[in-house]
Amino acid sequence: MTRDEQLRISDISKSFGSTLVLDHVHASVERGEFITLLGPSGCGKTTLLRIIAGLERADEGTIVLDGADLLPLPANRRPLNMVFQNYALFPHLNVFDNVAFGLRIRRIAESEVMTRVRAVLDMIQLAPLAMRRTSQLSGGQKQRVALARALVNEPALLLLDEPMSALDAKLRAEVRVELRQLQRRLGKTFVLVTHDQDEAMTVSDRILVMNGGKIEQAGPPSEVYDHPSTRFVAEFLGAANLIDATRTENGVETCYGPLKLSRGPSWERGTLAIRPERIRVSAGEPAPNRLRLRARDVVYRGDHFDVFLEPGNLRMWCESSNALRAGDEVAIELPPEHLEVLRD
Amino acid sequence: MTESARDRSGSSLRSGAGVAGAIGWIAPGVLWLLLFLGIPSVLLLALAFATRGSYGEILWTPTFHNFKKLAGFGIFGWSSDYLWITARTLWIALATTLACIMVAYPIALFVAARQPRWRSFWLLVLMIPFCTNLVVRTYGWQLVFSLVGKSAIYPGPLAVYIGMISSNLSFAVLPIYTSVERIDWSIAEAARDLYGSRWTVFRHGILPQTIPGLAVAAIITFIPCLGMFVVPDLLGGGRYLLLGNLIQQQFGPSRDFPFGAALSLTLIIATLIALRLYRRPAEEAGL
């Protein structure tokens, strides 16, 4: 597949007062990609989105959209639209007029406004509510109106600032899937900001994990999850056991003794990561990285058990308890292919 | 509610202690309203239909004379003077209200845009004039006008306008400021994002959110303006009469209490009509 780069973010920095919020950020987005900026609050993800939208000014750097320099344009002349966190619907306008707003401001003929707004309202199944006031809508409906109000303008890029954070958990899970399907159907480029790793994993083609104003790792969800490159990424996405290690001739030395790896580390002293679900209870046959530990705690979690092992406080998931109880000794394996060598 | 539940709640209200308690709770409020609103209103109403005796005393002979007089039918035939004064009062109250809002809005935006710790400072600056008596402040304007413009504006209508606006400005700023402070700026940003010019952003992203504050500002500016008499008296040079001055004259030099009561009644009714007209858009705005 040929790369079709639509958006290039180069060397963007931004400070608020003496706080550096974005620290020389580089990123690239392909046409039709669903990209997620994922990180904890204060990592700069929202600021980056607002800089793309034109609602915030970058201190340095450039952003190129479809070959044209984006930053010199004021927000109202950028060919992209945003879905705001609290939807930001116009309280004095009904659903139809909210959705028609952008078209009417651009003086599109009223007959075309009618057609396009109706089409978008049909698409998001809100046509029967067109004449409602926005205060009469549920959270999920407001969110769809906000989406429609942006999409009706056929933006080159759709920006979404934590669009699901105000919805309850069950609805959020449904909306996620809908959003993903919508993006697929339209083939548009979506840039989503979220702090919810589940959301990022569900909807994204690629995740940019941000921390401290930098992009820590970028890649498809499976890559970011299975092969985290830093301690932060390993711990922010899902659960991870972090193991301090020192390089030896044929592997590493850790507090669990020598361990074998599938590839040698580039550092002398560093960290390994392994997901709790990748740790196996040993079947008895000889295998690399076999350890005998004691189960300190077994916690029932519905679909699995969390087993905390000592010494060293390793966390492991088991499908069933296998009659494993707190205090039992258990033989486990840390498969070398799942022991990830971290950068830091 | 089931029968038994209604019975139970009913019996608790009907029991002697409950009723006595309820009366005890509302009595101070009722008494207050009766003493300072109910009785004076009834007196005013009665007085408006009473007759003035030849020496200014009140004769309780029912008559419509006072209202005929207000409508212009005097001893020397019909004159439009009082109607003109009424119209002028409504007009100046309206104009002052509009001007106050137009001046107060940018001030409120300015204060709301300051750092939080500076906001209270600016609000204090705005409130300082109100620690000074209205009469003193108006004399202050007299002094300023006589130093600056000579007779060009003072005494005269323009001086009255300036005095009215300045005396009501802070009342208009506060409610607008309260609204402006609570603006959801992401709606303004949404208007910007949807290709809005500066004017569109203000018109659709900011203004609708401040309608409640504007409505309160309008009403608390308009009503005191209707009854204003100190400002037109001191800055209008006696040539610019408003209803307030007319009323004051009846209870003062003219000693025509019944006519004064009729004028007051007219003013109160005008105020109630204004409040009623304001209710409808306010209800639509969800207030």
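How far apart do the C-alpha centres of domain 1 of chain B and domain 2 of chain B lie? The two centres are 37 Å apart. The points below place this value in the context of the predicted model.

1. **Domains of chain B.** Domain 1 of chain B covers residues 1–48, and domain 2 of chain B covers residues 83–284. Four residues of domain 1 of chain B are in contact with six residues of domain 2 of chain B. On the side of domain 1 that touches domain 2 in chain B, the classes are four nonpolar, no polar and no charged residues.

2. **A helix pair in chain B.** Helix α4 of chain B (residues 81–113) and helix α10 of chain B (residues 211–226) have axes that come within 9 Å and cross at roughly 140°. The crossing of α4(B) and α10(B) is right-handed. On the α4(B) side, the residues making the contact include B:Thr89, B:Ile92, B:Ala93 and B:Cys100. On the α10(B) side, they include B:Leu214, B:Ala217, B:Phe222 and B:Leu226. By class, the contact of α4(B) with α10(B) has eleven nonpolar, four polar and no charged residues.

3. Which elements of chain B each supply at least two residues of the side that touches chain A? The contact as a whole involves 15 residues of chain B and 16 residues of chain A. The elements in question are α8 (185–193) and α9 (198–206) of chain B. Of the elements of chain B, α8(B) gives the most to this side, with six residues. The side of chain B that touches chain A has five nonpolar, six polar and four charged residues.

4. **Overall form of chain A.** Chain A has eight helices and 20 strands. The C-alpha trace of chain A spans about 75 × 45 × 40 Å along its principal axes. Chain A has 344 residues, of which 39% count as buried. Of the contacts in chain A between residues at least 6 apart in sequence, 65% join residues at least 24 apart.

5. **Domains of chain A.** The division of chain A gives domain 1 (5–79 + 156–233), domain 2 (93–148) and domain 3 (239–341). Taken over C-alpha atoms, the centres of domain 1 of chain A and domain 2 of chain A are separated by 26 Å.

6. **Helix α1 of chain A.** Is helix α1 of chain A (residues 45–53) mostly covered or mostly exposed? Helix α1(A) is mostly covered, with nine of its nine residues buried. Among the buried residues of α1(A) are A:Lys45 and A:Arg50, as well as A:Leu48, A:Leu49, A:Ile51 and A:Ile52. A:Gly54 follows α1(A) and has a positive phi, near 95°.

7. **The four-strand sheet of chain A.** An open sheet of chain A has four strands in the order β2-β1-β4-β5, with antiparallel pairing. Its edge strands are β2 and β5 (68–69) of chain A, each of which pairs on one side only. Strand β1 (residues 5–16) and strand β2 (residues 19–30) of chain A pair in the antiparallel sense over eight bridges. A:Lys14 stands opposite A:Leu22 in β2(A), and the bridge partner of A:Phe16 in β2(A) is A:Thr19. The hairpin of β1(A) and β2(A) has two residues between the strands, and A:Gly17 takes a positive phi near 60° in this hairpin.

8. **A second hairpin in chain A.** Strand β9 (residues 206–211) and strand β10 (residues 214–219) of chain A run antiparallel and are joined by five bridges. A:Leu208 stands opposite A:Ala218 in β10(A). In the hairpin of β9(A) and β10(A), two residues lie between the strands, and A:Gly212 has a positive phi near 55°.

9. **The five-strand sheet of chain A.** Another open sheet of chain A has five strands in the order β15-β19-β16-β17-β18, with antiparallel pairing. Why is one side of β15 (280–281) and of β18 (314–318) of chain A left without a neighbour in the sheet? Each of these strands stands at an edge and has a single partner strand, so one side of each is left without a neighbour in the sheet. For β15(A), pairing with strand β19 (residues 329–333) of chain A is antiparallel, over two bridges. A:Val281 stands opposite A:Ile332 in β19(A).

Definitions and conventions: Residues are numbered from 1 along each chain as its sequence is written. Chains are lettered from A and ligands numbered from 1 in the order in which they are written. This is a predicted model: local features need pLDDT of at least 70, side-chain atom pairs count only at pLDDT 80 or more; totals for chains, interfaces and linings use all residues. A residue is buried if 20 or more other C-beta atoms lie within 10 Å of its own, exposed if 12 or fewer, and partly exposed in between; C-beta atoms are placed from the backbone. Two residues are in contact if their C-beta atoms, placed from the backbone, lie within 7 Å. Ala, Val, Leu, Ile, Met, Phe, Trp, Tyr, Cys and Pro count as nonpolar, Asp, Glu, Lys and Arg as charged, and the others, Gly among them, as polar. Axes are lines fitted to C-alpha atoms, for helices over the stretch in contact, and angles run from 0 to 180 degrees between N-to-C directions. A crossing is left-handed if the near helix is turned anticlockwise from the far one by less than a right angle, and right-handed if clockwise. Two strands pair if DSSP finds at least two bridges between them. Domain bounds come from an automatic or database domain assignment.
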